[in-house]
Amino acid sequence: MANPSNYVVKPQREGGGYNTYGDDIPKLLSSLSDEERKGYILMDLIRAPGFKNILLRNGQLVASEVVSELGIYGVWVSDNSGDVVINRSGGHLLRTKASDVYEGGVAAGFAVIDSPLLI
């Protein structure tokens with residue numbers, strides 16, 4: 001409550017979004033009962049270093065200070081005795097957004113899908 005700018009509060013639900021940042025965190029937490037708070041997780045806010053890039057948005061090139069987030073997906077399947085059936089990489093997604101935007105959803109229009117340059 002003393003340093004809300006260092007955190008993000010995320011609801012425990014599918015689909016992403018509806019995160020709470022900064023000065024809105026104390027307001028949210030004060031409005032929830034102890035039982036309702038169990039539906040949220042408090043996380044440290046990651047402050048990635050920004051860099052200059054050009055985004056393609058709605059057919060327009062937009063120069064911006066951006067940050068990128070790389071998500072690596074995994075596939076894990078085990079049987080009822082705990083033996084691992086599958087444990088492998090399932091791909092990746094790189095999204096890039098303006099550095100002054102909290103949310104990062106591509107479908108919501110906050111970020112763009114990007115391609116990593118592997119060297």
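Entry 1: I began with Tyr73, which stands opposite Gly91 in β6. Before going further I noted that this is a predicted model, where local features need pLDDT of at least 70, side-chain atom pairs count only at pLDDT 80 or more, and totals for chains, interfaces and linings use all residues. I also noted that residues are numbered from 1 along each chain as its sequence is written, and that side-chain values use heavy atoms, with hydrogens and water left out.

Strands here are DSSP runs of E with at least two residues, helices are runs of H or I with at least four, and both are numbered from the N terminus. Two strands pair if DSSP finds at least two bridges between them. I counted 13 bridges between β5 and β6, which pair in the antiparallel sense. Another bridge partner I looked up was that of Leu70, and I found Leu94 in β6. Then I followed the hairpin of β5 and β6, with 5 residues between the strands, and saw that Gly82 takes a positive phi near 95° there.

Entry 2: Next I looked at charged side chains, taking a salt bridge as a side-chain nitrogen of Lys or Arg within 4 Å of a carboxyl oxygen of Asp or Glu. My search of the whole structure gave 4 salt bridges. In one of them Arg95 meets Glu69, at 2.6 Å from N to O. Arg95 lies in strand β6 (residues 84-98) and Glu69 in strand β5 (residues 60-78), so the pair ties together parts that are 26 residues apart in sequence.

How accessible are they? I used these classes: buried is under 20% relative accessible area, exposed is over 50%, and partly exposed is in between (1.4 Å probe, protein chains only). Arg95 is partly exposed at 24%, and Glu69 is partly exposed at 43%.

Entry 3: I then turned to strand β7 (residues 111-114), which is joined to β6 by 4 bridges and runs antiparallel to β6. Here I found Thr96 opposite Val112 in β7. Strand β5 also pairs with β4, in the antiparallel sense and over 7 bridges. I noted Glu65 in β5 as the bridge partner of Lys52.

**Entry 4: Asn58.** Where does Asn58 lie? I found Asn58 in the loop between β4 and β5. The hairpin of these strands has 2 residues between them, and Asn58 takes a positive phi near 50°. With a relative accessible area of 80%, Asn58 is exposed. I also checked Gly109: it is 51 residues from Asn58 in sequence, yet the two C-alpha atoms are 9.9 Å apart in space.

**Entry 5: a nonpolar patch.** Which residues make the nonpolar surface patch? I found Ile54, Leu56 and Leu61, with a patch area of about 350 Å². A patch takes residues with over 30% relative accessible area and no salt bridge, joining like charges within 9 Å and nonpolar side chains (Val, Leu, Ile, Met, Phe, Trp, Tyr) within 5 Å. The areas come from the Shrake-Rupley method with a 1.4 Å probe, and for residues only the protein chains shown count as cover. Leu56 sits in strand β4 (residues 51-57) and is exposed, at 57% relative accessible area.

Entry 6: I went back to the charges and looked at Asp24 and Lys27, whose side chains meet in a salt bridge at 3.5 Å, N to O. Being 3 residues apart in helix α1 (residues 24-31), they are separated by about one helical turn. Asp24 is partly exposed at 42%, while Lys27 is exposed at 56%. Glu35 and Lys38 also form a salt bridge, at 3.2 Å from N to O, and both of these residues are exposed.

**Entry 7: the open sheet.** My last stop was an open sheet of 3 strands, ordered β2-β1-β3 with antiparallel pairing. Its edge strands are β2 and β3 (40-44), each pairing on one side only. Between β1 and β2 I noted 2 bridges, and Tyr21 in β2 is the bridge partner of Val8.
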